Amino acid sequence: MSEKEGRQSGSSPQASAVTVSDIQELIRRKEEIEAQIKANYDVLESQKGVGMNEPLVDCEGYPRSDVDLYQVRTARHNIVCLQNDHKAVMKQVEEALHQLHARDKEKQARDTAEAREEALSRDRGPREGLGPPQAFARVNSISPGSPASIAGLQVDDEIVEFGSVNTHNFQSLQNIGSVVQHSEGKPLNVTVNRRGEKHQLRLVPTRWAGRGLLGCNIVPLQR
């Protein structure tokens, strides 16, 4: 292995600059080293299969004459060096994958936080720009035992929503009357402002002992 290859195997990508290309390059170097290790093992195999541990002297202690001692020693030395390089590159691959994965998790967390903040901003935007929903009518009186009383309506409640009627489409009390007539026996969602607090009620227009289907008097607010 050349001195240049040795320097390359010892280098590692900057932690802050790890990319998929860096990891691909490390894997390419790993495969190159594995190919060189195999080539050197092939050399040993061609020399009577001496391997890494077979003695290079005969039973009398003389150098063996049936193998190329120089080739065997060189191949063994190369294998040891290449195995060390392989171990170093594998460590770099593991670290690079860990850094890339950690950075992806951080990016995913940032993206999630940004998406959540954007969604909250969109949700807050109209309210911040337009303020709280405006009331368009007020409860002037309520008869005891009436559907309005049972639903929890109170005198001076300011009506923000009455079924499908709200401050944007309210024109007159006929709008509320029409909703009531078409909703007899069916629950209506009613939102009121009561002493500065918003309350959600369910009102069921129903025939009862008194007049009408609600049993309350509603008057429009001056806008």
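**Cysteines, a helix and a pocket**

Cys81 is partly exposed, at a relative accessible area of 26%. Buried here means under 20% relative accessible area, exposed over 50%, and partly exposed in between, with a 1.4 Å probe and protein chains only. This is a predicted model, where local features need pLDDT of at least 70, side-chain atom pairs count only at pLDDT 80 or more, and totals for chains, interfaces and linings use all residues. Residues are numbered from 1 along each chain as its sequence is written, and side-chain values use heavy atoms, with hydrogens and water left out.

Cys216 is also partly exposed, at 22% relative accessibility. The structure has zero disulfides, a disulfide being a pair of cysteine sulfur atoms within 2.5 Å.

Next, helix 2. Helices are DSSP runs (H or I, at least four residues), and strands are too (E, at least two), numbered from the N terminus. Helix 2 covers residues 20–46. Which of its residues are buried? They are Ile23, Leu26, Arg29, Lys30, Ile33, Ile37, Asn40 and Leu44. An α-helix has 3.6 residues a turn, so residues three or four places apart point the same way. Just after helix 2, Lys48 has a positive phi of about 60 degrees.

Last, the second largest pocket. A pocket is an open set of points on a 1 Å grid over the protein atoms alone, with protein on both sides within 12 Å along at least five of seven lines; lining residues have an atom within 4 Å of a point. Cys216 is one of the residues lining this pocket. Helix 5 gives the largest share of the lining, five residues.

Conventions: 1 Å grid on protein atoms, 1.4 Å probe; cavity = no way out; pocket = protein on both sides within 12 Å on 5 of 7 lines; lining within 4 Å. Expected span 1.5 Å × (residues − 1).
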